[in-house]
Structure formats: C-alpha cells, structure tokens
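Q: I have a structure open and would like to go through it with you. Could we take it point by point?

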Amino acid sequence: MKIKALFLLLLFFISSHASAADLPVLTINNLPDGNQDVSISLQILLLMTALTFLPAIFMMMTSFTRIIVVMAILRQAVGMQQTPSNQILIGLSLFLTFFIMAPVFNQVNEQAIQPYMNDEIKPMQAIDKAIKPMREFMLKQTRQSDLELFTSISGNESITDPAKLPFTVLVPSFVTSELKTAFQIGFLLFIPFMVIDLVVASVLMAMGMMMLSPMIISLPFKIMLFVLVDGWALIMGSLANSFVT
C-alpha cells in the first residue's frame, strides 16, 4: 500500500508540474525509422514500476535460486538449524550470484545500459538488448523437458526455436530446472552426513544408550568432516562450476 501511495503521489506531482509549465508529460512519439520515443516523465514512471519487480527478477532469472536452496539443504544436512543464520546465507548467495552472473551483467551493461545512457539507442531497444543475454543464460541452464512442458501448457507448440519463446514460458521453465538441479546437489550433500548419523545411531543402540540423542554425538563429527574436506570451498566451487556459461 505504501508503494502504491508513493507511486500515485509521484504521478500527481509530475502531472501538476507539467500542467503548470504547459509541457507534455506522458507522450509517445513515432520516429521516421519506425521506432518510438517516450518522454522523460514516462521513462521515469516505467523505471519506478520496474523497480518493484527487481527482487523477483533477481531471484527468478539468475543463479540465486539454486544457490540459496543448496545452502539451506546443506545447513539441514549438517544438523545446525540456525547456523549459519539466514542473513549470512542470503548475503553469501547474493555475492556468489554476482560472481556467477558477472559476464551476463557485463554484456547487459555494454550492450544496453551504456548505449542508452549515451543516447545511442532508445528505451525499447535498450530493453531488447538487455533481455538477450539473460535469455541466453537461462536457456543454457534450462532442461529441454521443462521447456516442452511449459510450452505445451501455454499452447505455444508451434514455436520450435527456444530463443523465440516468450518470457512467460522461459522463466517458469528455468526456475523448475533450477529447483531440480538444487535438489539433486542437495541429495548428494546429504549422503555423507546421513552415513555419519546412521553409524552413530547404530553404535549408541549397540551400547544400550537409547535415551541419548544421536544428534548430540554426530553433530561434532559432521562439523569435523565438513572442515577437514574444506567443505565451504568445495560447495562454492561446485556451485560456480555447475552453471554452463
């Protein structure tokens, strides 16, 4: 509600200012080359609207989903419910996402943002150029089966070229593939820690110590194993290498 109120207040302020100055506010001009040019006020309005979708775009169209899910599964596998904390996991996932997505972000900056800031291309052309690197990244990470599933559901079977699929089909396909990959990595992470839990539980049962929780005994061994194999470096490196670029 606060965002909507600020949005309406900004629109009212721009409209009032433009009326007083007798200037066109929300205008779209057709150029001779077939493109369209929009007024500065409309560009600001569109930018403010796009900012509200920025968190969803960052989470659903980058490597963030896979990383944060793997981190959460890893914490569960080790057996520490609150360590590392959610803030640390999210911050770690954000910076690892920036590291993985750096080549894509550089392409967006060079092909779309900088030409637009230098008035070399129009806003709609900048959006088209910014979408292309993101589309290529998502297509490389998306399974063909997931693309076919959402293409069939949406009724776009006639589109045979994945590069021409709309984002309404590509994004859910990409997210589904990311979740599948994250759970596969999480399953592999769970196995060594689960073996330690089974061994500790069996030893305690053999010693007749059934009232003692196996988690109390197995947790130090799981932490020791994770530290000895340099687990954080292995996890970070494996996640970074798991993305096909």
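Q: Which helix holds leucine 188?
A: In this predicted model, leucine 188 is found in helix α8, which covers residues 167-206.

Q: Is leucine 188 buried or exposed?
A: Leucine 188 counts as exposed, because its relative accessibility is 57% and the cut-off for that class is over 50%.

Q: Which residues form the nonpolar patch on the surface?
A: Leucine 188 is one of them; the others are Phe187, Phe190, Ile191, Met194, Val195, Leu198, Val199, Val203, Met207 and Met209. Together they have about 1,000 Å² of accessible area.

Q: What does methionine 71 touch?
A: Leaving aside residues up to four places away in sequence, methionine 71 touches Leu89, Leu92, Ser93, Trp232, Ile235, Met236 and Leu239.

Q: Which residues of α10 are buried?
A: The buried residues of α10 are Gly231, Ile235, Met236 and Leu239. They lie on the same side of α10, because they cover an arc of only 130 degrees around the axis.

Q: And what covers them?
A: The cover over the buried residues of α10 includes α4, α5, α8 and α9 (214-228).

Q: Changing topic, how many salt bridges are there in the whole structure?
A: A search finds 3 salt bridges. In one of them, the side chains of glutamate 178 and arginine 66 meet at 2.6 Å, N to O. Glutamate 178 lies in helix α8 and arginine 66 in helix α4, so this pair ties together parts that are 112 residues apart in sequence.

Q: Are glutamate 178 and arginine 66 buried or exposed?
A: Both glutamate 178 and arginine 66 are buried.

Q: What about lysine 180; with which residue does it form a salt bridge?
A: Its partner is aspartate 146, and the closest N and O atoms are 2.9 Å apart. Lysine 180 is in helix α8 and aspartate 146 in helix α7, so that distant parts of the chain, 34 residues apart, are linked. Lysine 180 is partly exposed, with a relative accessible area of 36%, whereas aspartate 146 is buried at 2%.

Q: And lysine 222?
A: Lysine 222 forms a salt bridge with aspartate 197, with 3.3 Å between the closest N and O atoms. This pair links helix α9, which holds lysine 222, to helix α8, which holds aspartate 197, across 25 residues. Lysine 222 is buried, with a relative accessible area of 1%, and aspartate 197 counts as partly exposed at 22%.

Q: Finally, how many helices and strands does the protein have?
A: The protein has 10 helices and 2 strands. Buried residues make up 30% of its 245 residues.

How values were computed: Residues numbered from 1 in each chain as written. Predicted model: local features only at pLDDT ≥ 70, side-chain atom pairs only at ≥ 80, totals over all residues. Heavy atoms only, no water. Patch = residues over 30% accessible without salt bridge, like charges linked within 9 Å, V, L, I, M, F, W, Y side chains within 5 Å. Areas by Shrake-Rupley, 256 points an atom, 1.4 Å probe, with all protein chains shown as cover. Salt bridge = Lys/Arg side-chain N within 4 Å of Asp/Glu carboxyl O. Helix = DSSP H or I, 4+ residues; strand = E, 2+ residues; numbered from the N terminus. Buried < 20%, exposed > 50% of the residue type's maximum accessible area, 1.4 Å probe, protein only. Contact = heavy atoms within 4.5 Å. Arc of directions from axis to C-beta.
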